[in-house]
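Welcome! Open your viewer, get the selection tool ready, and follow along one stop at a time.

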Amino acid sequence: MTSVNSPKGRQGDLALFTRNAVDLINEEELLALLAEDRPLRVKFGLDPSSADLHVGHMVQLMTLRRLQEAGHQIVLILGDATAMVGDPSGKNKLRPQLSREEVDHNLATYMDQAGLILDIDKTEIRRNSEWFDKMSFLETLKLNSRMTVAQMLERDTFSKRMDAKEPIGIHEFMYPLMQGWDSVKVQADVELGGTDQLFNVLVGRTLQAQEAQKPQVVFTGPLINGLDGRKMSKSYGNAVGLTDESKDMFGKLMSLEDGAMETWFQLLTNLSAEERATVLAGHPREAKARLAEEITCFLHSPEAAKEARAAFDSQFRDKNVPDDIPLLEWPAAGEELPLFLLVAKLGLAGSSNEARRLVAQGAVRLDGEPEKDGKRRFGQGEAELLIQVGKRRFGRVKVSE
RNA sequence: GGGGGAAUACUCAAGCGGCCAACGAGGCCAGACUGUAAAUCUGGCGGCCAUGCCUUCGCAGGUUCGAAUCCUGCUUCCCCCA
């Protein structure tokens with residue numbers, strides 16, 4: 001605690017760590033590290049089990065960026081070895097193990113995505129296969145002897161699965177150990193993770209202590225829910241991808257539930273507390289548009305954000321037909337097609353049955369007018385037909401009747 | 001090694017010889033209302049130019065006029081005993 005009173009060092013950086021932290025273990029150790037007045041090695045692990053990062057990852061990446069700007073060394077661990085185990089955190093199921101090819105493919109896309117937020121040139125990037133590929137079976141066993149089954153079973157994701165009589169692979173027990181070993185190998189001073197990673201990052205402390213390293217300080221950042229309030233996951237379709245096209249990104253953000261706006265503002269934008277309060281005090285729609293604009297601007301550009309907002313307002317608020325509608329090619333040269341089949345073949349519906357349903361339900365408009373007769377036939381020719389399916393699918397084709 | 005259970009559409013979960021393209025819930029899609037929010041109400045959610053035809057209930061066979069439902073083998077998972 002003496003360091004707290006020391007005039008030297010980087011104690012001012014403490015706020016960067018605590019700004020959005022849920023857990024911090026522990027503050028005294030962190031202050032002592034900061035007092036050393038050197039760039040800290042801040043570890044963050046990415047699990048390449050999918051190819052895309054979303055704004056959920058962005059919460060943590062924003063924190064890292066602030067630390068990076070303050071001069072700390074970000075160490076990004078790409079968990080290519082661990083991905084082949086499958087992280088049990090927050091999962092109720094045995095996760096599929098990925099092949100090396102899949103992992104490599106996913107990793108290849110990561111740098112661009114992380115680079116939207118971090119300065120990649122200043123980031124140390126390590127794959128953990130670097131050390132795990134070399135580990136002998138004996139060493140593996142030794143690593144495994146460092147924790148007990150009882151310790152592992154403390155994790156509620158495991159105990160829940162036990163209770164639910166769901167399978168747990170023995171290899172899953174190794175995941176936290178592997179992640180902890182990463183900390184040993186990169187000599188992390190600090191590790192950041194989502195709150196679901198608390199157990200895993202704490203293992204790093206244990207292993208480092210056993211290796212006569214100073215245990216890393218760990219801090220966790222909040223997990224944000226997806227657009228609909230459920231856990232954000234690409235498979236739920238409620239995630240906003242970091243590389244989503246700007247208009248798409250803006251549109252997705254506008255569908256965020258109101259209740260989450262405050263949190264998203266805090267975690268995903270750099271607005272000050274005062275600015276956030278002002279914005280949130282206004283009309284919710286305006287606030288959300290601002291949020292969407294901020295994030296789109298950050299991940300794309302001010303121009304792209306502006307454009308996305310204008311296009312969104314035009315299409316959905318003012319109900320104008322967007323101006324960048326794809327011109328679709330008539331699917332069957334020279335043939336006459338019933339409307340439902342035309343819709344299906346143009347790709348505006350997933351199947352001809354779906355097209356039939358949509359037409360019957362009045363979701364299909366021709367030049368702005370609803371058309372419920374799915375069997376009405378159209379032929380190819382000169383006139384251009386605007387087909388709209390629902391609120392967001394548009395297409396133009398050339399026809400004559 | 002022995003014994004007992006389970007596998008159904010995106011998920012959970014009914015069905016246990018014909019009325020099953022398969023109840024229900026979540027989810028998703030569309031319509032109404034709106035701020036493309038939420039909530040609410042309505043309709044829909046295997047495929048096919050279709051009053052019918054084809055494929056689906058872990059996999060492969062079999063019994064039967066007829067099987068998701070019965071039998072056999074296989075695969076996978078769970079539990080108990082050792």
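Start with Glu-384: this residue is partly exposed, because its relative accessible area is 40%, and the scale runs from buried (under 20% relative accessible area) through partly exposed (in between) to exposed (over 50%), using a 1.4 Å probe and protein chains only. Before you click further, know that this is a predicted model, in which local features need pLDDT of at least 70 and side-chain atom pairs count only at pLDDT 80 or more, while totals for chains, interfaces and linings use all residues. Residues are numbered from 1 along each chain as its sequence is written, chains are lettered from A and ligands numbered from 1 in the order in which they are written, and side-chain values use heavy atoms, with hydrogens and water left out.

**Stop 1**

Which side chain does Glu-384 meet in a salt bridge? Select Arg-396: the two side chains meet at 3.8 Å, N to O. A salt bridge here is a side-chain nitrogen of Lys or Arg within 4 Å of a carboxyl oxygen of Asp or Glu. This pair links distant parts of the chain, with Arg-396 in strand S11 (residues 393–400) and Glu-384 in strand S10 (residues 377–389), 12 residues apart. Helices (H or I, at least four residues) and strands (E, at least two) are DSSP runs, numbered from the N terminus. Arg-396 is partly exposed, with a relative accessible area of 28%.

**Stop 2: the domains**

Now colour chain A by its domain assignment: domain 1 is 2–221, domain 2 is 244–317 and domain 3 is 337–400. Such bounds come from an automatic or database domain assignment. Taken over C-alpha atoms, the centres of domain 2 and domain 3 are 33 Å apart.

**Stop 3: helix H14**

Select residues 284–299 to pick out helix H14, which has 16 residues. Which residues of H14 are buried? They are Ala-287, Lys-288, Ala-289, Leu-291, Ala-292, Ile-295, Thr-296 and Leu-299. Show what covers them, including helix H3 (55–69), helix H12 (261–268) and helix H15 (302–317).

Next, click Glu-286 and Arg-309, whose side chains meet in a salt bridge (2.9 Å, N to O). Glu-286 sits in helix H14 and Arg-309 in helix H15, 23 residues apart. Glu-286 is partly exposed at 41% relative accessibility, whereas Arg-309 is buried at 17%. Both belong to a network of salt bridges that also links Arg-285, Glu-293, Asp-313, Arg-317 and Asp-318.

**Stop 4: helix H3**

Select Glu-69 and Arg-65, a salt bridge at 3.0 Å, N to O. Both lie in helix H3, 4 residues apart, about one turn of the helix. An α-helix has 3.6 residues a turn, so residues three or four places apart point the same way. Glu-69 is exposed at 58% relative accessibility, and Arg-65 is partly exposed at 27%.

Is Thr-63 buried or exposed? Thr-63, also found in helix H3, is buried, with a relative accessible area of 6%. Leaving aside neighbours within four places in sequence, Thr-63 is in contact (heavy atoms within 4.5 Å) with Leu-16, Leu-192 and Phe-219.

**Last stop: helix H6**

Finish with Leu-138 in helix H6 (residues 137–144). Leu-138 is exposed, at 60% relative accessibility.

Terms used: Expected span 1.5 Å × (residues − 1).
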